[in-house]
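Here is a protein chain to walk through, one feature at a time. Keep the sequence and the 3D view side by side as you read.

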Amino acid sequence: MANTSRHLQLLRRAALVEGRRESKRVFYRLSNEEAVVALLQALSRVGERNSAEIARVMASYFRARDEFEPVSRKELLERLRCGTATVLDVRPEDGFRQGHVSGAVNIPLSQLERRLAELPVDREVVAYCRGPWCVLSFEAVAVLRQRGYQVRRLEDGFPEWKVAGLPVAHP
């Protein structure tokens, strides 16, 4: 607890989080979501370029697991406008409640197998989760392909979608 508190205080000094005090507790939230997402993207690029271990994981886990090119935000937006894809948010329900791609269906990965009937089999499904390195969408794509669905994943995730100013909904 002390380490977490210290880390949050340092993030607050760096203006990455804001806090509000209620009695003895302090509640933190991101102060500038765009800046934080940009920072995480920059750190990912540096890690991929400079770390052999990260490059190995990228090749062996992420790229090997998904032989199909991911769907770009622009492509997904067009498919939503045309009504040619079902968007599947596989994040836990609390993340979905905080915001999601407009028109997305929320089926957390842990519930996917028992809720397959909620997804159309005759239409492409595009799955997304927390970001480009979140394994939830990779796992969802694997499960759905195994069951005959035409499915791809979004190139990144909800934070990048939101920061790009694309349509977001809150239930």
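Start at Glu 33. With 29% relative accessibility, Glu 33 counts as partly exposed, because buried means under 20% relative accessible area, exposed means over 50%, and partly exposed lies in between (1.4 Å probe, protein chains only). The accessible areas themselves come from the Shrake-Rupley method with a 1.4 Å probe, and for residues only the protein chains shown count as cover. This is a predicted model, in which local features need pLDDT of at least 70, side-chain atom pairs count only at pLDDT 80 or more, and totals for chains, interfaces and linings use all residues. Residues are numbered from 1 along each chain as its sequence is written, and side-chain values use heavy atoms, with hydrogens and water left out.

Which side chain does Glu 33 meet in a salt bridge? The partner is Lys 162, at 3.0 Å from N to O. A salt bridge here is a side-chain nitrogen of Lys or Arg within 4 Å of a carboxyl oxygen of Asp or Glu. This pair links distant parts of the chain: Glu 33 sits in helix α2, Lys 162 in helix α7, and they are 129 residues apart. Lys 162 is partly exposed, at 31% relative accessible area. Helices (H or I, at least four residues) and strands (E, at least two) are DSSP runs, numbered from the N terminus.

The structure holds 9 salt bridges. Now find Arg 79. Arg 79 pairs with Glu 75, and their closest N and O atoms are 3.9 Å apart. Both belong to helix α4 (residues 73-82), and because they are 4 residues apart there, about one helical turn separates them. Arg 79 counts as buried, at 16% relative accessibility. Glu 75 counts as partly exposed, at 33%.

Arg 79 has another partner. The side chains of Glu 124 and Arg 79 meet in a salt bridge of 2.6 Å, N to O. Glu 124 and Arg 79 are both buried. Through shared partners, salt bridges join Glu 75, Arg 79 and Glu 124 into one network.

Step back to the whole chain. The protein chain has 7 helices and 8 strands. Its C-alpha trace spans about 50 × 40 × 30 Å along the principal axes. Of its 171 residues, 35% count as buried.

Next, look for open space. Rolling a probe the size of a water molecule over the atoms shows where empty space is left. The largest pocket has a volume of about 410 Å³. Of the 18 residues that line this pocket, the closest to its centre are Leu 40, Arg 130, Gly 131, Pro 132 and Glu 160. Which elements give two or more residues to the lining? They are α2 and α7 (158-163). Helix α2 gives the most, with 8 residues. The search runs on a 1 Å grid over the protein atoms alone: a pocket is an open set of points with protein on both sides within 12 Å along at least five of seven lines, a cavity is a set of points where a 1.4 Å probe fits but cannot get out, and lining residues have an atom within 4 Å of a point. Grid points are joined across faces, edges and corners, and a volume is the space filled by probe spheres set on the points.

Leu 40 also belongs to a surface feature. Leu 39, Leu 40 and Leu 43 form a nonpolar patch there, with about 280 Å² of accessible area together. Patches are made of residues with over 30% relative accessible area and no salt bridge, joining like charges within 9 Å and nonpolar side chains (Val, Leu, Ile, Met, Phe, Trp, Tyr) within 5 Å. Leu 43 lies in helix α2 (residues 33-50). At 52% relative accessibility, Leu 43 counts as exposed.

Now turn to the backbone. Most residues other than glycine have a negative phi. Ala 15 has a positive phi, near 65°, and lies in the loop between α1 (2-13) and β1 (17-22). Ser 23 also has a positive phi, near 60°. Ser 23 lies in the loop between β1 and β2 (25-30) and is exposed, at 68% relative accessible area.
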